[in-house]
Structure formats: C-alpha cells, structure tokens
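I opened this notebook to keep track of what I looked up. The entries follow the order in which I went through the model.

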Amino acid sequence: MIPNNLIIACNGSLLPICNATLSPSCPTSTYTVFLMDSTHLLSSPLEIQDQTLVDHHSSSIGSSFLQNQTNVPKEFLWPKVDLVNAHQELLEPLVDLERFFRGDELAIQQAAKVIRAACLTHGCFQVINHGVDSHLINAAYYHLNRFFHLPLSHKLRARRATTAGLNTLSYSGAHSDRFSSNLPWKETLTFRLHENPKESSVVDLFKSSLGDDFEEMSITYQKYCEGMKSLALAVMEILAISLGVDRLHYKNYFQDGGSIMRCNYYPPCPEPGLTFGTGPHCDATSLTILHQDEVGGLEIFANNKWQIVRPRQDALVINIGETFTALTNGRYKSCLHRAVVNSERARKSLVYFVCPREDKVVRPPEDLVQGDQLPRAYPDFTWSDFLHFTQNYYRADAHTLHSFIKWLSSSSPIHHNR
Ligand SMILES: C=C1C[C@]23C[C@H]1CC[C@H]2[C@]1(C)CCC[C@@](C)(C(=O)O)[C@H]1[C@@H]3C(=O)O
Ligand SMILES: O=C(O)CCC(=O)C(=O)O
Ligand SMILES: [Fe+2]
C-alpha cells in the first residue's frame, strides 16, 4: 500500500503536486497528471483541463476527474482473471419481514429456513417490508447526490486523516490515497458510529468537517442508521433461529455494537469492462445491509459463477460478513460480491455495516462447536484488531479473514491469549 503523490506537468515541466502553483505561468493549459510513488512514475499521462479536478495536497481523485477520462487510466485496470462477466440473474431468496414483525411464529420459522439455505451456500438474501421508511432511504440518496456533486475542494473537508482510518467522517476518491493499483472507479463517504455515546454523534461529525449546511444531511443519516440498527437486530434474531442457537444470542451480542456507514458514488466509466466500482471481496464486518439504486451493478458469487442482483427499490440486500462467519464457527458463508460500473449512468449505493463492540471477543456459541467433530474454525479475536488489519495492513478482498488469522498467528504472542 504505497500512498500516491501526484505530480503535475504543465507546459512540459514537471512539478511535484504539493509545490505546484498553476497560476500565471500556465493559465488555460491542459494539465497532464501522473501518478507517482515516492520515486517512480506509475502512470502514463492523464490529461485534464481543469486543475480543480485534482487536489494538490491530498492526491485525491474526484468524480469529475473520472468522468473526464476517455480511457481507463492504468491504475484502474484490474487483472483479467477478475474481469469475468456475470450473465445470469441471482434468484436469491426474498424474505418478507412483515409477518416477523407481527410475531407470526410459523412465518418466522419459514423465513429462518430460507435464510439458512442462502447462508449455507452464498451468504446473501434480500428483505422486503423491512421497516425502514422509503422516504428516509430517498432522503439519504438526496443528500448523497448533493454531497458528491460538491466541488472536490469542499468534499475534501471530509478527507480521511491517515491516522484516523475509518474513525471519522472520511471522503475518498478512488482510494488513491491508500492504494496505487487496481483502483476502484468510485468515490466514497464513510463514517463510523461508535457504540460509546461519548464519542461524537453523526451530527457533530458532519458539522465539524463539512460545516453547518450539512446539519440536515447528518440528521437524515443519524435516522437512517437508527433504522438500520433495529433491522439488524431483528435479522440477528432470525439468524439465531436459523442456526438453532438461543434466539437472543446474536441480538444480545450486537446490542451494544457499532457500525460503519458508507455512501458509494460510481461515476460512468468509458471502459467499464476493464475495471470495478468495488472489486471482489467479502465484507470483513458482521452483516451488511445494502440498498442499491435503480441503475444496478451489484454482483454476487454463487454456485461457482458471478450473478447479477437485480435492483429492487423496496428491498434491502443482506450479506453475511466474515466476522459473522467466525461467529457461526464457519457454518455461514460470507458473501463474495463486487460492484460493476457502466458507461451511461452514475450509480449510487448506501451500505450499513454491522460490527460488534470493538473490544468484544469474536467467538461462536458453544452449540456450534462440538469437540473433535466440529472444532473451532478460527481462534478468538476482537473486531478492533480485525478492522485495524483491513485499514493498515491488508486491502480487504476475498480472503481477508484467512489472511488475518495467519497474520494473528505470526504476530505478537499477546494475541494468542485473547
Ligand atoms: C471494514 C471495511 C473495509 C472496507 C469497508 C468495510 C467493509 C468492506 C471493505 C471494502 C469495501 C472491501 C473492498 C475493498 C475496500 C478498500 C473498498 O473498495 O472500499 C474495502 C473497505 C475499506 O477498507 O475501506
Ligand atoms: O455498491 C455496491 O453495490 C457494493 C458496495 C460494497 O460491496 C461495499 O461497499 O462493501
Ligand atoms: Fe461489500
């Protein structure tokens, strides 16, 4: 993970981006931007017309920059092996939660059965009548749009501080501040909701980074996350039933948990077959509740092939994450998924990641561990260690949990006793 520095060439002379002042000497030129690590040029020249598309100090890439490309820059090209197309639509189960909320025991058992089958095979299902108000979802998209259409310099007020990781409100353009190749064709706005109410609220977080104009946006996201949290706890109850463990086991476990909220904005891409909006990965978190807009682009790996999840505006997609896999002693599969881009329309998604309280030990209930027949699949760990691994040592992909466990066993002995 080498952070990039951008340098900019104006009228033939290369300037380190941090020193570049573009004013009088080259007022209306086309700018040529290169991506660099500390010593080497990493990219072929990228032509830009407008210097505001690239931030001089942070090397961030905004959507206007992506939208102005006629080709996919080298840094965004993904390996050919990953770029296989999905042709089929996933017929993943649609679970109607209305009768669950009414306490209809028979309906609950049926839902648990359907969810169990999906989680044993690919780790994904959709829910309808989920209790989150559609106006709230629309309002979240309204503010998402408004945010991503701000000038780059304004979005960068929510720039990710290198040491803060996902701890604060953080805007990222193509993750170009973190990675130098296989860049995703997206911009993201991410914030973490801490379990500890003493940590700053969503409203404080937005207002301190973006200014008072974003109070309404922050209130919308605060409400959105509250709705998601109660849905998450309801789903935890059905998951426990589906696994045959104490019905309240996971609900109690996650009651004091935190979460990560992410808004994704995928600009149109000139060559969508060469890159990804979000590359193939399993979420390291526990449960993901995702809403995608009507454009579509979410794909899931199920039955040995990539399959398309057709967008449904009334549905939320629920993915099992790797921490939940560990909490089921490996019984439930974490969902391998990705987001593709297209050349016509910008795509948006709202993603709520459910996490345990950060110091809580991730350990399956006794019922799911049976001596020699079903030994522990993973050692104990804490969510804070796993999150730290994804933010500082390893770019999350399809093998994050496996790589983390290997890393744990090779690092400090303190970890073995946790
Ligand atoms: C803990 C997390 C790391 C990522 C955000 C959450 C859950 C999913 C992870 C991610 C989306 C997986 C693909 C790579 C990644 C870098 C991305 O493209 O955004 C991942 C997130 C991240 O580290 O920011
Ligand atoms: O945008 C999408 O549909 C998927 C996003 C995703 O997988 C993520 O943010 O973890
Ligand atoms: Fe994901």
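**Entry 1: the shell around ligand 2**

I began with ligand 2 and found that strand E17 gives the largest share of its shell, four residues. Strands (E, at least two residues) and helices (H or I, at least four) are DSSP runs, numbered from the N terminus. I note that this is a predicted model, in which local features need pLDDT of at least 70 and side-chain atom pairs count only at pLDDT 80 or more, while totals for chains, interfaces and linings use all residues. Residues are numbered from 1 along each chain as its sequence is written, chains are lettered from A and ligands numbered from 1 in the order in which they are written, and side-chain values use heavy atoms, with hydrogens and water left out.

I then listed the residues around ligand 2, where near means a heavy atom within 4 Å. They are Asn-264, Tyr-266, His-281, Asp-283, Leu-290, Leu-298, His-337, Ala-339, Arg-347, Ser-349, Val-351 and Phe-353. By class I get six nonpolar, four polar and two charged residues. In this scheme Ala, Val, Leu, Ile, Met, Phe, Trp, Tyr, Cys and Pro count as nonpolar, Asp, Glu, Lys and Arg as charged, and the others, Gly among them, as polar.

**Entry 2: contacts of ligand 2**

Which polar side-chain atom lies 2.7 Å from an oxygen atom of ligand 2? I found that it belongs to Tyr-266. For His-281, an N or O atom of the side chain is 3.2 Å from a ligand 2 oxygen. Asp-283 also has a polar side-chain atom 3.2 Å from an oxygen atom of ligand 2. Taken alone, ligand 2 exposes 300 Å², and the protein buries 97% of that. The areas come from the Shrake-Rupley method with a 1.4 Å probe; for residues, only the protein chains shown count as cover. I also noted the elements that give two or more residues to this shell: strands E10 (258-266), E16 (337-339) and E17 (347-355).

**Entry 3: ligand 1**

I counted 13 residues around ligand 1, of which His-175, Arg-178, Lys-186, Arg-262 and Gln-391 come nearest. The shell divides into four nonpolar, five polar and four charged residues. Polar side-chain atoms of Arg-178 and Lys-186 each lie 2.9 Å from an oxygen atom of ligand 1. For Arg-262 I read 2.6 Å between a side-chain N or O atom and a ligand 1 oxygen. Ligand 1 by itself exposes 460 Å², with 97% of that buried by the protein.

Which elements each supply at least two residues of the shell around ligand 1? They are strand E11 (278-281) and helix H10 (383-392). The largest share, three residues, comes from H10.

**Entry 4: helix H10**

I checked H10 for cover and found seven of its ten residues buried, where buried means under 20% relative accessible area, exposed over 50% and partly exposed in between (1.4 Å probe, protein chains only). The buried ones are Trp-383, Asp-385, Phe-386, Leu-387, Phe-389, Thr-390 and Gln-391.

**Entry 5: two single residues**

I placed His-291 in strand E12 (residues 287-292).

Met-228 is in helix H7 (residues 215-243).

Methods:
A polar contact is a pair of N or O atoms within 3.5 Å; within protein, one must be able to donate a hydrogen and the other to accept it, and residues adjacent in sequence count only if both atoms are side-chain atoms.
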